[in-house]
Amino acid sequence: MAKKPPTLSEPAYFILAALLDGPLHGHAIIGRTLELSEQRVKLPVGTLYGALDRLAAGGLIAVEREEVVDGRPRRYFRLTDEGRGLVTAEALRMQQAASVVTSRVLGTGSAFA
């Protein structure tokens, strides 16, 4: 039996989506996630770095580079090919799931047409 890809939590989904345009450091990820989610996903720093560690351990993101800014280390994260594939698959899955309802509510016919 084929292994089904995992679904992503909303924070993880938006973290991966934030990295679609290129590498970002932690605070930039927080800002981009907030923007992309239309202010719904507010990531406290501790939550963000826990999620980044899990995503990295899962091979979905990787550290692109590190630098020191004002005496503090700053890590930039990037999507891996696996991460890009998973966030894309999740977006398509959610789109299909949403169409089941929107096609009925809006009267546009079959969700699978």
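Helices here are DSSP runs of H or I with at least four residues, numbered from the N terminus. The model described is a predicted one.

**Overall make-up**

Four helices and three strands make up the secondary structure of the protein chain. Their order along the sequence is α-β-α-α-β-β-α. The protein chain has 113 residues, and 30% of them count as buried. Its accessible surface comes to about 7,400 Å², with 56% of that belonging to carbon and sulfur atoms. For contacts between residues at least 6 apart in sequence, 46% join residues at least 24 apart.

**The hairpin of β2 and β3**

Strands β2 and β3 run antiparallel and are joined by eight bridges. Two residues lie between the strands of this hairpin, and Asp 70 takes a positive phi near 55° there. Val 69 stands opposite Arg 72, a residue of β3. In a regular strand, side chains alternate between the two faces of the sheet.

| Element | Residues |
|---|---|
| Strand β2 | residues 61–69 |
| Strand β3 | residues 72–79 |
| Helix α4 | residues 81–105 |

**Ser 103 in helix α4**

Helix α4 contains Ser 103. Is Ser 103 buried or exposed? The relative accessible area of Ser 103 is 7%. Buried means under 20% relative accessible area, so Ser 103 is buried. The side chain of Ser 103 also reaches the backbone oxygen of Ser 99, at 2.7 Å.

Terms used: Residues numbered from 1 in each chain as written. Predicted model: local features only at pLDDT ≥ 70, side-chain atom pairs only at ≥ 80, totals over all residues. Heavy atoms only, no water. Pairing = 2+ DSSP bridges. Buried < 20%, exposed > 50% of the residue type's maximum accessible area, 1.4 Å probe, protein only. Polar contact = N/O pair within 3.5 Å; in protein donor to acceptor, adjacent residues only side chain to side chain. Contact = heavy atoms within 4.5 Å. Areas by Shrake-Rupley, 256 points an atom, 1.4 Å probe, with all protein chains shown as cover.
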